[in-house]
Amino acid sequence: MNIIEQLKQTSVKGTELPKIKPAVSLVILVIGVILTLAFTYSSIRFAKTRELANFSESVKQTRLMVENKFQHYVFLLRSAAGLFIASDQVLPNEFDSFIDGLELEKNYPGIAEIGYFTVKDNEDDLEIEVVFGRAVRQACLTARPTTPNSSKIVTSSNLPALSELDQALKKANRTGQPALSTPINLPILNESDNQTSPQCQNLFFLLLPDYQSPASDSVNNFDFSNNNSEPFVTDQVIETQEQNNQQKNVEGFIFLSFQADYFFSTEILQNPSLPVDFVVYQNIDEQPLINDVLYSSVPKLTAQSLAKTNAYTQQSILQIVDQTWQVFWAPNDNFTKSFERNLYPLYLFAGLSMSFLVFLLSRLHSKTLTQAELATHDLYASQEALKRSRLLYQAVVENASDLVTIIDLVGNVLYASPSHEEVLGYNPEDLANINAFQLLHPDDFESVRIKVTDLAGGGSGRAEFRFKRKDGSYILLEGIGTGIVDDRGKVGAVFIISRDITERKEIEKRKDEFMTTASHELKTPVTSLKIYTQYLQEYFQKCHDPVALELLNKMNQQLGRLTNLIRDLLDVSRLEAGKLQLRTSIFDLTKIVKETIAIVQLTTEKHTIYLTSSRVAMVQADPDRISQVLVNLLTNAVKYSPQSDRIEVSVNADNEQVKVCIRDYGLGIPKSKRKQVFDRFFRLNRPKSETYAGFGLGLYICAQIIDRHEGKIWVQNTVGTGSTFCFSLPIVAKKRKSRKKQNRSTKIRQKDKKPNKLLK
Amino acid sequence: MPTKILVADDDPAILDCLQMFLTAEGYQVDCLADAAQITTNYSRSNLPDLILLDIWMSGSSGKEVCLRLKKHRLFKKVPILLVSAHQDTAKIAREIGADGYLLKPFDINDLRSLVKKFDKS
């Protein structure tokens, strides 16, 4: 493919970077958080449901446990009744052995007392005689004060709460079924000191009537049938039963007592890990009061803590024999511990952490990705740039008409551009096996070899040399070589750009020839004109014809100007070509200035040229050229100050340089133009009437000449009208002066100082 | 017998004015447009006393003519003045062994004084 097309295709910019979106990571984070919250929320919801179910189950089980216990009690009561039914007369030791066989403490925990009592209703006093009694715990009933007749008789008078028991007695008698009394608070009386001790609180009596034959005496004393204070149960079956019962006589009651505290607390003791707390109330009002509490599994229950029990609080009815109790249930510490509720914060924390971790990872990944992409991009871009630069160099080098060559320091060709084939005839394969030095013209061989060797120190150099073409002819080349520095800072090769300058040289030569011819051709008619004119001048001088003489003088002056113009043209062309040769010698500048002033003074009658000079100023210069500069400056001073009559020249020398200034009182030069006056063909724009003849080359030549002498030329600031032109030249040290004087050629040239003289 | 001066220049105007001036000065003037003809046109009997030679002429080079004359049996004693517009006339004059030079355009006083030095009489 064409290199230029390839260049157009490669881009300096490289590829566009894909844009990174940090929002994606943020979305991941948000989604993670939302999922976590949703999961935690649903977990909580699910767990709450499960907890509720578990709670209800716990409540149910606990309730069953309590009810079962009562069933046990009832069974016990019935079995005891069986004992009494089976035998008309139960002996005390029989009862004792029966009770012993029961192992009450073990099998029926919570029972306070079990026994058999008979009841006598004497008008306003109820009298209970405990026939048998076994106290397991605090035996409140059997511990009652006794009458003299019977050791175990309790009456209404010595037991004020007995009337409360009466209700249960009546109910049991009426139904023939076990009946539970309301809780009775009985003070315990010690037989020893008759002192009241802590009460038997919430003591319950479970009663079962024992019927005897109608012949028994005691039945008359206790006839329930007359008592209509209690409403009868409407159930017909029970009525029938009651009618049957009425035919029987109640002989006594088998009783069983227990305290609510013990009854329930044994349950708690037996199952210390019960997950629920509960509070048992006697009544079933909607708002139970703390005073109604029969039992609380919470040791120190207050109204506040009751109200504050947590959300799982459940309410249920406990049916005990014929009593109804209300129970409030609440989960306790055991319950709370058994659930994963504690894990919820953990879930939340873990979920959020995971989300954040994912977010961080995604950001990190994105960042890493970005860096990787950047690196890739950079790599790609640099490759592109490299390719581009390679193509660019290739395009420049291979399409260059100049010869691009790289050789080592001994002349072996390392690289040769394709242009070699066109210019020299060698193709690259030929050049690969060629030592470039061998193809140099024998006259140029040594100088070029030395110049190449010099490049080993770095830098660059220029040389003109003839080079052998493939057809054997020589071509004139101009080469510019640059040392190529390797990694170690050593020049291992030389990069050379060379071009065919045959044509250029030819043109230069023709131009020079033309200039020489032109100046010759121009000078020839001037020469003859001058001879004629001067001959005529002499002629008319002899004839004493002042008018003609005056005219011829002016003609001669103009011829002089024409000569100078022709000389200027030639000088400029030589200066341009760098061919102006200086014939330097050492001389006193002041002397030259004096001589030149004398010559120029002759050309003007109006002006007077004044010279102030300090001392002898020896310079090494071309006296003809310096004189030319002085003539130029003085002539200008005369020419451009037509209104004044004074020109001042000063020569000032110090140890290093000599300064010559020419001051006129003419038109002057604007400050802005002072540097331009030394430019080639520069002319001040003046009104047409004041236009002066000339090419505008004089000051340019002056500047060039002074420059070649390593001096300076400038327009100095002038006070008042006119202008001051100055130039300076370096002073020659005495040693140099003496050495130069020994130079023979210098002596000869000093002789040649004045033209038109004999050589010998 | 007046001093005989040979002027060799390819420019007729130069020949004309120099002949006029030098004749007026009292010299015998011979003009020659082609310097190459000097040796053929002159013999021992009519040898010129002075030659004014232009070094740049069409036809033959003044340099070569000068060098040839300086080796010539008859002419080597004849002084030669180079008269030329060439910038390097002085240098060339030294190189080819000319006896003097004049740079065109010149003042007639310079010419007069220079010629006078070679005037035999």
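Colleague: In this predicted model, how many bridges join strand 17 of chain A to strand 19 of chain A?

Modeller: Strand 17 of chain A covers residues 585–588, and strand 19 of chain A covers residues 618–621. The two strands run antiparallel, and S585(A) stands opposite A621(A) in strand 19 of chain A. The number of bridges that join them is four.

Colleague: Which residues of strand 17 of chain A form the covered face, and which the uncovered one?

Modeller: In a regular strand the side chains alternate between the two faces of the sheet. In strand 17 of chain A, the uncovered face holds I586(A) and D588(A). The covered face consists of S585(A) and F587(A).

Colleague: Which residue is the bridge partner of K712(A) in strand 23 of chain A?

Modeller: Strand 23 of chain A (residues 724–730) pairs with strand 21 of chain A (residues 657–664) in the antiparallel sense over seven bridges, and there V660(A) stands opposite F727(A). Strand 23 of chain A is also joined by five bridges to strand 22 of chain A (residues 712–716), again running antiparallel. In strand 23 of chain A, the partner of K712(A) is S728(A).

Colleague: At what angle do helix 18 of chain A and helix 19 of chain A cross?

Modeller: Two packed helices are described by the angle between their axes and the distance between the axes. For helix 18 (residues 623–639) and helix 19 (residues 698–708) of chain A, the axes come within 9 Å. Helix 18 of chain A passes helix 19 of chain A in a left-handed crossing. The crossing angle is roughly 145°.

Colleague: How many residues of the contact of helix 18 of chain A with helix 19 of chain A are charged?

Modeller: Helix 18 of chain A brings R625(A), Q628(A), V629(A), N632(A), L633(A) and N636(A) to meet G698(A), I701(A), C702(A), I705(A) and I706(A) in helix 19 of chain A. Six residues of this contact are nonpolar and four are polar. The number of charged residues is one.

Colleague: In what order do the elements of chain B run from the N terminus on?

Modeller: Chain B has five helices and five strands. Of its 121 residues, 46% count as buried. Among contacts in chain B between residues at least 6 apart in sequence, 60% join residues at least 24 apart. The order of the elements from the N terminus is β-α-β-α-β-α-β-α-β-α.

Colleague: Which element gives the most to the side of chain B that touches chain A?

Modeller: Here 24 residues of chain B are in contact with 21 residues of chain A. The elements of chain B that give two or more residues to this side are helix 1, helix 4 (89–96), strand 5 (100–103) and helix 5 (108–117). The residues of this side divide into 14 nonpolar, three polar and seven charged. With five residues, the element that gives the most is helix 1 of chain B.

Colleague: How many residues of the contact of helix 15 of chain A with helix 1 of chain B are nonpolar?

Modeller: Residues of helix 15 of chain A, among them T524(A), P525(A), I531(A) and Y535(A), meet A13(B), I14(B), C17(B), L18(B) and F21(B) in helix 1 of chain B. Three residues of this contact are polar and none is charged. The number of nonpolar residues is nine.

Technical notes:
Residues are numbered from 1 along each chain as its sequence is written. Chains are lettered from A and ligands numbered from 1 in the order in which they are written. This is a predicted model: local features need pLDDT of at least 70, side-chain atom pairs count only at pLDDT 80 or more; totals for chains, interfaces and linings use all residues. Two residues are in contact if their C-beta atoms, placed from the backbone, lie within 7 Å. Ala, Val, Leu, Ile, Met, Phe, Trp, Tyr, Cys and Pro count as nonpolar, Asp, Glu, Lys and Arg as charged, and the others, Gly among them, as polar. A residue is buried if 20 or more other C-beta atoms lie within 10 Å of its own, exposed if 12 or fewer, and partly exposed in between; C-beta atoms are placed from the backbone. Two strands pair if DSSP finds at least two bridges between them. Axes are lines fitted to C-alpha atoms, for helices over the stretch in contact, and angles run from 0 to 180 degrees between N-to-C directions. A crossing is left-handed if the near helix is turned anticlockwise from the far one by less than a right angle, and right-handed if clockwise.
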